[in-house]
Structures are given as C-alpha cells and as structure tokens.
Amino acid sequence: MSRSVILLGSTGSIGTQALDVIARNPGRFTVAGLAAGGSRVEPLARQAAEFGAGAVAVADEGAVPALREALAAHGSRAEVLAGPEGVAELAGRPCEVVLNGVTGALGLTSTLAALEAGRTLALANKESLIIGGPLVKRLVRPGRLLPVDSEHSALAQCLWAGGPDGERAHAVRRLVVTASGGPFRGKRREELSAVTPQMALAHPTWSMGPVVTVNSATLVNKGLEIIEAHLLFDIGFDRIEVMVHPQSVVHSMVEFVDGSVIAQASPPNMCLPIALALGWPDRVPDAAPSIDWTRSHTWTFEPVDGEAFPSIALARHVGSEGGTAPAVFNAANEVCVDAFLQGRLPFLGIVDTVAKVVEEHEVSPVGSVDEVLAADQWARARAQEITAG
C-alpha cells in the first residue's frame, strides 16, 4: 500500500530531491499535495501535473492567477490554496506524511498545523523547531517527528541502532554532530576579514541554497543544529559536540555510556535522509548511492576553531537561554546573511552582528506563535538597523 505525502517547499532543493525519491518509488509513495513559496508557479504546476497532486498551495497570494493558468496549461485540475495560511491549511490535510521543506521562520505555522492534525512530520525546516521549540514539542507524539537534516537523521539512526536503551538519554554520553568545515576550514579569524560572497558560496561538498551555504561558511548551521539536536533528543548542550569532518561521509555519531560509538556513514546525498523520513520505519531500497568499498578511504576529524568560528558558542548560549532567544538568533542571522550577500556587511560582521542583536534582546518565554513571530520581527528590524548604518 502506498504512503500519501504532502510536500511543502516542493520547488526547492529538498522538495525536488523528495520528488525524485517519490518518482523512483511509484508503488511506495503518492503525492496528495504540493506547496511552494514565492511565485514559482511554473515548476509547481509542472510538478502537480506530473505527480497527480490533488491540491497545491502558493505562499504568494498574488501568484494565484498565474498558477491557475499554469495548472490548466499542464492539464492539472488541482485545488489551489493561497498565502501562508493556505500552505498551513494544506499541511493539515489528510495524508500519512507531511514533509516540511519550507525555508525559514514561515515554516512554523505549517509544522504546527501538521502536528495538530496528527500527521507524521518529516522535518527539513529546522527553523520551526528551533524558534518554536516549546510549541512544537507540546504537540509531538512518539514517532511522529522525523528529522530530515542529514546530521539529525544520522543521530536518530545511531540511537535506533543503540538498542532498547538507545533512545533513552541516560544511555547516551554525548552526541557528536559532524561539520564539513565549509570553504574556510583551517582559516584563522584574521584570514576571514576579506571573504567575499563568491568565496563563501563555494562550498566544497554540498550543493545548497545561498543562505544555507553561507551558514555553512560561518558554521551558524552547526549552531542551529546543536539547538535542534537538543530539542529532538533531549540531550543537554554540554553533551553535544561538533567535530569537523571535511569528507562529509560520517554524518554524525552517538557515544554511549559504556564507551561505544555508533556512526552513520554514507556519501553526501540528501535523498537518503529524505527517503528514510518518508518511509519510516522502513528503509527505501536504493534511495541513494552507497559507499564504494572497493577503494581506499581516509576520513579525518578535527575540533572546531572557536575563535575563528564563534557561532557555535553563541548558539549554545542562545539554546541555553531558550524562550525567544533562538528566534532572535535565527532571524538576525537571516538578515545579516542577506546584507553580506548584498555587500553591505563583511563576512565576520555576520556573527558579530547576530551576537549584538542577541545581547540586546530581553528573552521571554514562548507561549504562542504570535510571541515567536514578534521576537522574529524585532530581531529582523534591529539587524536591519545595524546593517543599514
């Protein structure tokens, strides 16, 4: 029996790879609905027709007429939902799995809608968990929140492999999240002062969107992943480590209290964690290429240079503060990355400015989506003021 999927962010990197997995497994998955941000109506309409989606949503309400025209041109009669509310409504529609690949804080309402409807949520939108942690965790049922990030998928697999006690915090000594190190691995802080956007976007391992790629260059992505790991697995920040692993083959590791370390390894390809989240608890055969064991391999690990990359220490502080602090951290970073890409902020100014915004913010508990979004908007406005000056 096939598993029905609603895919949010279908025209982005995660979305297109998820559809590749679905296309290669026609008897295993079907597409019930698709959603896209912005106004990417042509690829959305093409996907809807190809996969027979019964409903589509577009975050930009002004794009609806063009979407209807594109759907008709491709022979699709899919129902159209519009605006952020339409995307969230689609997330709560009947299906077995919702994959949230929406980018940024806007994914929070869709994450909550899917969980409130009792859906299994395959989460690629880490921001929604990071900024709305208490709201999300309040709704999560056992086995209903599956990470799509390669690092957290790896941690989950290692914990599953750890046996009956593997998922219990008392059996785990530490989580080890790996990082490629980005394009500036081994550089000292003073060597990063002249970094250009073109240099920061030249990731040595992964092909990703510009914001995620710059986050990898600053290691802000690892800071966000530490917070995400803490929320997903209920492990204290003092028991979550980051190791630089430039080959990006070992995606993360778990060290247990008896000294054993279990690692998950595979070539860098997001189709594997996507397929695992869509098919859980089953594995999807040939979801991605495996390691070639007919040739030699050398895998190296090294600690992070905290002076050159202060983002990880900042993220630990933010995560420990909790409340609205993670929302401020995430929002300020998005604004600062945009300012850097536009040439208005130096590379080192990204994390330095985020730290300033975080320091100025008065942290409060998170009790509602409105409180999270208010903190998000305050941080964006403050970061805009600093980067514009």
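Is Thr213 buried or exposed? Thr213 is buried, because its relative accessibility is 2%; here buried means under 20% relative accessible area, exposed means over 50%, and partly exposed lies in between (1.4 Å probe, protein chains only). This residue is found in helix α10 (residues 210–218). Helices (H or I, at least four residues) and strands (E, at least two) are DSSP runs, numbered from the N terminus. Leaving aside residues up to four places away in sequence, Thr213 touches Ala200, Leu201, His203 and Met208, where contact means heavy atoms within 4.5 Å.

A word on the model before we go on. It is predicted, with local features needing pLDDT of at least 70 and side-chain atom pairs counting only at pLDDT 80 or more, while totals for chains, interfaces and linings use all residues. Residues are numbered from 1 along each chain as its sequence is written, and side-chain values use heavy atoms, with hydrogens and water left out.

**The mixed sheet**

Let us turn to a sheet that you can trace strand by strand. Five strands make up an open sheet with mixed pairing, in the order β11-β10-β8-β9-β12. At its edges stand β11 and β12, each with a single partner strand, so one side of each has no neighbour in the sheet. Two strands count as paired if DSSP finds at least two bridges between them.

Strand β8 (residues 172–179) runs antiparallel to β10, and five bridges join the two; the bridge partner of Val172 in β10 is Phe256. β10 also pairs with strand β11 (residues 261–265), in the antiparallel sense and over five bridges, and here Met253 stands opposite Ala263 in β11. The hairpin of β10 and β11 has four residues between the strands, and within this hairpin Gly259 takes a positive phi near 100°.

Two bridges join β9 to β12, and these strands run antiparallel. Val244 stands opposite Glu302 in β12.

Helix α8 (residues 150–161) lies across β8, β10 and β11, and runs at about 40° to β10. For such angles, axes are lines fitted to C-alpha atoms, for helices over the stretch in contact, and the angles run from 0 to 180 degrees between N-to-C directions.

**Backbone details in the loops**

Some loop residues deserve a look in your viewer. Asp234 has a positive phi of about 55° although it is not a glycine, and it is found in the loop between α11 (220–233) and β9 (240–244). Ser248 also has a positive phi of about 55° without being a glycine. The loop between β9 and β10 is the place of Ser248, which counts as buried because its relative accessibility is 6%. A cis peptide bond, with omega about 10°, joins Trp280 and Pro281; Pro281 lies in the loop between α12 (271–279) and β12 (302–303).

**The parallel strands**

Strand β2 (residues 29–36) is mostly covered, with six of its eight residues buried.

| Strands | Sense | Bridges | Facing residues |
|---|---|---|---|
| β1 (residues 3–8) and β2 | parallel | six | Ile6 and Gly33 |
| β2 and β3 (residues 55–58) | parallel | four | Ala36 and Val58 |

From β1 the chain crosses through helix α1 (residues 13–23) to β2, in a right-handed β-α-β crossover. A crossover is right-handed if, with the strands pointing away from the viewer, the path from the first strand over the helix to the second runs clockwise. β2, helix α2 (residues 41–51) and β3 also make a right-handed β-α-β unit.

**Aromatic pairs**

A search of the whole structure finds four aromatic pairs. Rings of Phe, Tyr and Trp (its six-membered ring) pair if their centres lie within 6.5 Å; planes under 30 degrees apart count as stacked, over 60 as edge-to-face and the rest as tilted. The rings of Phe184 and Phe347 have centres 5.2 Å apart and planes at 75°, so this pair is edge-to-face. Phe184 lies in the loop between β8 and α9 (197–200) and Phe347 in helix α15 (residues 347–360), so the pair ties together parts that are 163 residues apart in sequence.

The rings of Phe340 and Phe347 form an edge-to-face pair too, because their centres are 5.6 Å apart and their planes at 65°. Phe184 is buried, Phe340 is buried at 1% relative accessibility, and Phe347 is buried with a relative accessible area of 3%.
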